[in-house]
Amino acid sequence: MNGAPLVEIENLRVDFPIVRGAERLLVRAVRGVSLSVARGEILGLVGESGSGKSVTVSAIPGLLPPRAVAVGSIRFEGTELLGRGVRFLRAWRGRRIGMVFQEPGRSYDPLQSVGSAFLETFRVSEPRLSRRDSDDRAVALLEEVGLSSARERLVNFPHQFSGGQLQRIGIALALAQGCDLLLADEPTTALDVTIQAQIVDLLRRLRASRGIAIVFISHNLDLVAGIADRIAVMYGGLVLEEAPSAELVSAPRHPYAAGLLAAAPSFGSHWTTAALAPIPGRVCDPVAPEPGCPFAPRCSLASRECAVAIPELRPVAGGRRLTRCIKDTEYGR
Ligand SMILES: Nc1ncnc2c1ncn2[C@@H]1O[C@H](COP(=O)(O)OP(=O)(O)OP(=O)(O)O)[C@@H](O)[C@H]1O
Ligand SMILES: [Mg+2]
């Protein structure tokens, strides 16, 4: 992908102050993440629960809770959304950046019909748009995302749709607001596999037809590898490896990525007789993270130097990929 990045995150750190008993503590949710997404690119984000995927992505449109402390820089088309002295510019919320969530219902007002949700969305930029014109445009978008009987369904409310249909409507609403970047946080996790495949297919099609960029978060590495151009693997609030999808799944360069692959059913298969190997040990404590590589305490290959300081994310394989592992090893699958 050529040109300047659409969104560029540099050294993002996010802490949540919490109170545990009499103690005031900090949850170190994100500890220095740098990521960029080009126009029309699909970036996959994977990692175990608690690794910081949602917090990283929610920081882009400024959707973190007010008590979160975020530092670093986020630029969208060169405009600073987070930076020195810049709080989140709320005007960006929900405009050029769209978001779909794991629970399809989270994007909707349960008391608002689909037609009026579209009207409200269109009127942000065109306050004088008529209901009839809004309905026509909504129908075109709903048909584009594959919702059947779109015109008749404008009068329906969120509870009258299935999860897959709600995700389609959510995607259509993001398109209605003219988004160039869609942040999809586990958009298919709550859906059955057939619908899951359809939504992934829809996103892929929209990237091709409209050139929107997508950040696709999932626990399912196979699913991510099937849609993303590039994958970033997160753990302990850090990106541990980043690589083009095909290279990451065929030859991971970080033992954590290799572990995730070994714990997932084999690539492209729907059933397997091979034993899956869960990663041993417990996920890292975000309140008191290890001083070194966050994965070191669970890594069978770790040596003493891994626990000293957080290794740099450094280029390997001629600069096409990045790893934080200090051992220059290809782990295979
Ligand atoms: N509002 C909050 N207050 C305190 N801690 C939080 C808050 N939101 C997230 N965290 C913590 O930040 C860390 C990263 O959370 P995040 O939701 O980004 O993980 P994730 O990778 O998206 O996990 P999952 O796969 O379960 O969605 C976790 O330790 C989580 O408990
Ligand atoms: Mg999450």
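Axes here are lines fitted to C-alpha atoms, and angles between them run from 0 to 180 degrees, taken between N-to-C directions. Keep that in mind as we walk through this predicted model.

**Two helices side by side**

- Helix 4 covers residues 163–176 and helix 5 covers residues 193–210; they pack at an angle of about 15 degrees, and their axes are 10 Å apart.
- Angles under 35 degrees count as roughly parallel, and that's why helix 4 and helix 5 are described as roughly parallel to each other.
- If you like handedness, helix 4 passes helix 5 in a right-handed crossing.
- Who's touching whom? On the helix 4 side the contact is made by Gly164, Gln167, Arg168 and Ile171, while helix 5 brings Ile195, Gln198, Ile199 and Leu202.
- Sort the residues of that contact by class and you get four nonpolar, three polar and one charged.

**The eight-stranded sheet**

- Strands of a sheet pair through backbone hydrogen bonds, and they can do it parallel or antiparallel.
- One open sheet has eight strands in the order 6-7-8-3-9-10-12-11, and its pairing is mixed.
- Strand 6 (97–100) and strand 11 (314–316) sit at the edges with a single partner strand each, so one side of each has no neighbour in the sheet.
- On average, neighbouring strands in this sheet are turned by 25 degrees against each other, direction ignored.
- Helix 4 shows up again here: it packs on the sheet, touching strand 6 and strand 7 (181–185), and its direction makes about 175 degrees with that of strand 6.
- For a parallel pair, look at strand 3 (residues 42–46) and strand 8 (residues 213–217), which are joined over four bridges.
- Leu45 stands opposite Ile217 in strand 8.

- Another open sheet has four strands in the order 2-1-4-5, with antiparallel pairing.
- Its edge strands are strand 2 and strand 5 (79–82), and each of them pairs on one side only.
- Neighbouring strands here are turned by 20 degrees against each other on average, direction ignored.
- Strand 1 and strand 4 (residues 69–76) pair in the antiparallel sense over seven bridges.
- Across from Arg13 you'll find Val71 in strand 4.

**Around ligand 1**

- Ligand 1 is surrounded by 15 residues, and the closest are Phe16, Ala29, Ser49, Ser54 and Val55.
- Strand 1 (7–20), strand 2 (23–37) and helix 1 (53–59) are the elements that give two or more residues to this shell.
- Helix 1 supplies the largest share, three residues.
- By class, the shell has seven nonpolar, seven polar and one charged residues.

Terms used: Residues numbered from 1 in each chain as written. Chains lettered and ligands numbered in written order. Predicted model: local features only at pLDDT ≥ 70, side-chain atom pairs only at ≥ 80, totals over all residues. Parallel < 35°, antiparallel > 145°, perpendicular 65-115°, else oblique. Left-handed = near helix turned anticlockwise from the far one by under 90°. Contact = placed C-beta atoms within 7 Å. Nonpolar A, V, L, I, M, F, W, Y, C, P; charged D, E, K, R; others polar. Near = placed C-beta within 6 Å. Pairing = 2+ DSSP bridges.
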